[in-house]
Structures are given as C-alpha cells and as structure tokens.
Amino acid sequence: MFCGQFRHGRSIERAYGNGCGAEGALRSTVVTVYVPSGIVVAADSRVVGARTQQRQVEGQTGSIEHRFMATDHAYRITELQDLPVGIGTYDMAVLWNEPVGVHIRRFEEAGLAPGDDVASVPPKLVSYFLQRRPGQPVGFLVTGHRHEGKLPAPYVYACQIVHQTEPQRVNVDQQGNIQYGVLRGGDTQVINRLIVADALAPF
C-alpha cells in the first residue's frame with residue numbers, strides 16, 4: 001500500500017499505521033533512489049523494536065509505545081548471486097530468529113530457475129515467503145535491469161507479504177513510461193521529515 005505521495009517520491013506505509021506493528025516487532029527501513037544513471041538501494045543497519053503498554057489514567061485507557069534498539073549490525077540488502085538483481089527488505093527484520101537475508105538466500109537456492117530475471121523474481125519471492133512464512137509483515141524492494149531492445153531498462157518493484165502480495169512495478173506510469181524518484185519503506189517517519197518534495201531533483 002502506498003501513501004504519503006510526493007512529486008517524485010513515494011513512501012510505503014503499513015496498513016496498520018505508523019507504529020511498530022506487532023508486540024516486540026523488530027523493524028527496519030530501506031530507501032531506493034532510481035534516476036536515469038542508475039538505481040541505488042540503501043538501508044540503515046539499525047533494527048528498532050517496540051512494545052506497547054496499556055494504561056489507565058483518570059478512568060480512561062490509553063496505550064504507550066516504548067521503542068528500543070535491537071541491533072546496530074543488521075544487513076538488509078542482498079544481491080542475488082546468479083542474477084543482476086538487488087533486494088532490499090523492510091518492516092520485519094527477523095523471522096523465526098533468523099535475519100530476513102538468510103531466508104532470501106534460501107529462496108535463491110530453491111525458488112529460482114534458469115531464465116529468471118528482475119521481472120520474474122518478485123512474484124516468486126512473494127510466493128516463497130507466503131508458503132513458508134505466511135502472516136509475517138516483511139516487505140521487499142526488488143531492483144535491477146533487463147535488456148529491452150538496445151538498452152537495459154530499469155525495474156523497481158515493491159511487495160509486502162501481508163498487505164501487498166501482488167508485486168507492483170513502481171517506476172513506470174500508467175502508460176508504461178519510465179519514472180524516476182525516491183521510494184522508501186518500513187519505519188519511514190524520520191526519512192519523510194528529511195525529504196521535501198520541492199527540493200527533489202526534476203528528473
């Protein structure tokens with residue numbers, strides 16, 4: 001699901017709002033910049049968790065969210081070994097006590113076949129996680145190039161296991177024309193404050 005539209009940028013938010021989601025969930029952030037000269041995927045190495053407590057004050061019940069740093073050494077960008085495809089992950093950073101990157105490597109071994117490319121990876125990636133880790137809110141930005149004619153065409157896909165299981169190519173308009181901009185996913189509150197639509201380059 002997309003919201004927080006900017007002139008040249010998009011912010012992926014979870015359908016359950018701006019909080020950290022499930023109790024104790026370990027959250028992460030990823031940013032993709034796609035411009036005429038190439039695609040850059042970046043992610044912070046910090047993983048943030050949250051716990052919510054219910055409290056009553058003067059007869060009214062409210063919730064207080066406590067955030068905590070889980071680690072400063074998480075890596076959430078994976079380059080597939082046999083394909084020129086990069087995958088950035090956001091939202092849940094740990095699944096079943098293992099980093100999401102470990103599961104992506106297993107997907108690469110078991111879920112891909114000769115002839116796959118950046119366009120075929122996203123649906124296979126979603127299917128793999130839905131079969132093995134259903135209900136886990138982990139999102140992916142899948143990027144790469146594919147030869148179409150004489151020049152390689154850029155591809156940027158967004159998908160999320162719970163709220164966006166149909167991968168969406170986000171760097172084209174409704175007519176199929178290439179678009180450029182900034183895409184961010186996960187815990188985007190700080191990043192959104194740093195990005196001002198009028199200051200983005202007019203690609």
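**Helix crossing and strand contacts in a predicted model**

The axes of helix α1 (residues 100–111) and helix α2 (residues 121–132) come within 10 Å of each other and cross at roughly 110°. The model is predicted.

Reader: How are α1 and α2 oriented to each other, roughly parallel, roughly antiparallel, roughly perpendicular or oblique?

Author: Two packed helices are described by the angle between their axes and the distance between the axes. The axes of α1 and α2 cross at roughly 110°. An angle of 65 to 115 degrees counts as roughly perpendicular. The orientation of α1 and α2 is therefore roughly perpendicular.

Reader: Is the crossing of α1 and α2 left-handed or right-handed?

Author: The two axes come within 10 Å. The crossing of α1 and α2 is right-handed.

Reader: Which residues of α2 meet α1, and how many nonpolar residues does the contact have?

Author: From α1, the residues H103, I104, R106, F107, A110 and G111 take part, and they meet V121, K124, L125, Y128 and F129 in α2. By class, two residues in this contact are polar, two are charged and the nonpolar ones number seven.

Reader: Is T78 buried or exposed?

Author: T78 belongs to strand β7, which spans residues 77–79. Beyond four places in sequence, T78 touches V85, G86 and I87, and also G101, I104 and R105. Its relative accessible area is 7%, and buried means under 20%. T78 is therefore buried.

Reader: What does I39 count as by relative accessibility?

Author: I39 lies in strand β4, residues 38–43. Its relative accessibility is 23%. Buried would require under 20% and exposed over 50%. I39 therefore counts as partly exposed.

Reader: How far apart in space are I39 and G144, C-alpha to C-alpha?

Author: Beyond four places in sequence, I39 touches T143, G144 and H145, among others, including P154, Y155 and V156. I39 and G144 are 105 residues apart in sequence. In space, their C-alpha to C-alpha distance is 7.6 Å.

Reader: Among contacts between residues at least 6 apart in sequence, what percentage join residues at least 24 apart?

Author: The protein has three helices and 14 strands, and buried residues make up 41% of its 203 residues. Among contacts between residues at least 6 apart in sequence, the share joining residues at least 24 apart is 60%.

Reader: Over which residues does pLDDT stay under 50?

Author: The protein averages a pLDDT of 77, and 74% of the residues score at least 70. One stretch, for which the model has 85 contacts beyond four places in sequence, stays under 50: residues 1–25.

Note on methods
Residues are numbered from 1 along each chain as its sequence is written. This is a predicted model: local features need pLDDT of at least 70, side-chain atom pairs count only at pLDDT 80 or more; totals for chains, interfaces and linings use all residues. Side-chain values use heavy atoms; hydrogens and water are left out. pLDDT is the predictor's confidence in each residue, from 0 to 100. Contact means heavy atoms within 4.5 Å. Axes are lines fitted to C-alpha atoms, for helices over the stretch in contact, and angles run from 0 to 180 degrees between N-to-C directions. Helices (H or I, at least four residues) and strands (E, at least two) are DSSP runs, numbered from the N terminus. Angles under 35 degrees count as roughly parallel, over 145 as roughly antiparallel, 65 to 115 as roughly perpendicular and the rest as oblique. A crossing is left-handed if the near helix is turned anticlockwise from the far one by less than a right angle, and right-handed if clockwise. Ala, Val, Leu, Ile, Met, Phe, Trp, Tyr, Cys and Pro count as nonpolar, Asp, Glu, Lys and Arg as charged, and the others, Gly among them, as polar. Buried means under 20% relative accessible area, exposed over 50%, partly exposed in between (1.4 Å probe, protein chains only).
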